[in-house]
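Open the model in your viewer and follow the stops below in order. Each stop says what to select and what is there.

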Amino acid sequence: MLAGLLFIIMGLITIVCALCVVFQKNPIYSAIFLIQTMVSLAVLYVLLHAQFIAAIQVMVYAGAIMVLFVFVIMLLNLNKTDVEGDYDKLLFQKPSAIILGFILVVMIGVVTLNTVFQGTQGEYTPESISQIGNTQLVGKMLFTKYVFPFEIASILLFAAVLGAIILAKKQIIKDKEV
Amino acid sequence: MLNAIVYTLLSTIKIGIVIGILLLIIAYLIWVERKVMAHMQLRLGPMRVGWHGLLQPIADGLKLIFKEDIIPSQASKVVFVLAPVIATVPALMSIAVIPFGDTISILGISIDMVITDVNIGILFILAVTSVGVYGIMLGGWSSNNKYSLLGALRSSAQMISYELSLGLSLIGVIMISQSLSLVDVVNSQAKCWFVILQPLAFIIYAISAIAETNRCPFDLPEAETELVAGFHTEYSSMKFALFFMAEYANIITVSAVAVTFFFGGWRGPFLPPVAWFLIKMALCIFFFIWLRSTYPRFRYDQLMKFGWKVLLPAALANILITGLVMVLL
């Protein structure tokens, strides 16, 4: 009962904040609303008995990634025309965004209808999760059943880190030559 | 149904008591800091208001409430007002999972001396405190002042860098205690404090905790000689007081975590558990003040180099060594 009410309230806050991210003109305000969206999502995870994911959601997305976003926006030193947007340049983006967005919504809808609304209960009910321990369960799954996607993700991140270092090094080498 | 009502009532009372005591400690921490630093520098510190200045925090609080509240005309008003709140609330929230003592029973109801024992305790603290950075960043940005902005940027860079080694230094302890819950961490220190088993982790934790709370020698965000007052240059009245409170609440949080993770929490002979917890925490806080009156400030490039090239590899090495020892033994 109480959990249902909380779900409705947090869901509404999440949706409103997500819309505000898109419709705000000032990028800093967009970033602030995005942070609030992340935090409300974390509350939804708690309602689903996934405390570990909720904590990681706040720590990684709200606490680390968004800090870097805000950091970069502050450093960019946007002037007035940048903030309000140059509408002419963005003409081709709108139709392509609408088409891609539509495809995404259809995909999510098909997947959701085929899996979530089946009504069959899975192996891990809230009771069994609280018995094993949330964090322990996530760890076990990551290192046994989902070890291949997990390793692929780590290779992807490693490649991104290498790319960032090479980009940063280029500038340093250039500076040294001059 | 009755159980639920009792539970809610008990939790509310516990939260009220803990927050009340926490705010009192914060107020008197400022007095303690001024006194201790004064005596270390052969001064007397506040002496006028009350016996040895004991009423000074109340006088300061009243003064701050009645001061004019100035919002700069070019400031981004909503964010400017919101920033001190974002800084303070997480700082106070993180105390919720820290155990102060063993379970006691009053009138047949057993009460845990912890507001809530969640099974992800330490992750909750890390998550909540990581949100506190926004208070400083947004405060500095919304002031529309270049010193504030520079202070905010420095501070956020510093806090993200040291948050990593702070979190990694705690992993060694978590590996030994096999649990993220702070109650379990305290219980697994019944025989031996983790500061003895994990000395390197404790040193890394201590250094990065000082950097996380923006205290001397890592107080670059508010380096007076370069940045006027850093991110809170434009803040006045109670908004400034809120930033001040957040800083001291953070000191209390990191000290409480240090006590829980490395000094056996509330465990100790003779005295009641809560007294032991408070004594250990007071010693940790004294260490903070001691450092402030001893060391000069770091330079910014030194700070970044030290964080990334010394502390982070050391923290990772500590995890590796702990894992190796645990597998071999």
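**Stop 1: a helix pair in chain B**

Select α3(B) and α11(B), two helices that are roughly parallel to each other. This is a predicted model, and the tour describes it as such. Helix α3 covers residues 77–93 of chain B and helix α11 covers residues 237–262 of chain B; they pack at an angle of about 25°, with their axes 8 Å apart. Angles under 35 degrees count as roughly parallel, so the pair is given that description. The crossing of α3(B) past α11(B) is left-handed.

Now show the side chains of the contact. On α3(B), pick B:Pro84, B:Val85, B:Ala87, B:Thr88, B:Ala91 and B:Leu92. On α11(B), the partners include B:Lys239, B:Leu242, B:Phe243 and B:Met245. Further residues on α11(B) are B:Ala246, B:Ala249, B:Asn250 and B:Thr253. Coloured by class, the residues of this contact are 10 nonpolar, 3 polar and 1 charged.

**Stop 2: chain B as a whole**

Zoom out to chain B, which has 13 helices and 2 strands. Its C-alpha trace spans about 60 × 50 × 45 Å along the principal axes. Of the 329 residues in chain B, 44% are buried. Among contacts in chain B with a separation of 6 or more, 77% are between residues 24 or more positions apart.

**Stop 3: where chain B touches chain A**

Display both chains. The contact takes 18 residues from chain A and 18 residues from chain B. On the side of chain B, select α4 (121–131), α5 (133–142) and α6 (146–177), the elements that give two or more residues. α4(B) gives the most, with 6 residues. By class, this side of chain B has 15 nonpolar, 3 polar and no charged residues.

**Stop 4: a helix pair in chain A**

Which way do α1(A) and α2(A) run relative to each other? Select residues 2–23 for helix α1 and residues 27–47 for helix α2 of chain A; their axes come within 8 Å and cross at roughly 160°. The two helices are therefore roughly antiparallel to each other. Their crossing is left-handed.

The contact includes A:Leu6, A:Phe7, A:Met10 and A:Ile13 of α1(A), and A:Phe33, A:Leu34, A:Leu41 and A:Leu44 of α2(A). The residues of this contact divide into 15 nonpolar, 6 polar and no charged.

Definitions and conventions
Residues numbered from 1 in each chain as written. Chains lettered and ligands numbered in written order. Predicted model: local features only at pLDDT ≥ 70, side-chain atom pairs only at ≥ 80, totals over all residues. Axes fitted to C-alpha atoms, helices over the stretch in contact; angles between N-to-C directions. Helix = DSSP H or I, 4+ residues; strand = E, 2+ residues; numbered from the N terminus. Parallel < 35°, antiparallel > 145°, perpendicular 65-115°, else oblique. Left-handed = near helix turned anticlockwise from the far one by under 90°. Contact = placed C-beta atoms within 7 Å. Nonpolar A, V, L, I, M, F, W, Y, C, P; charged D, E, K, R; others polar. Buried ≥ 20, exposed ≤ 12 C-beta atoms within 10 Å, placed from the backbone.
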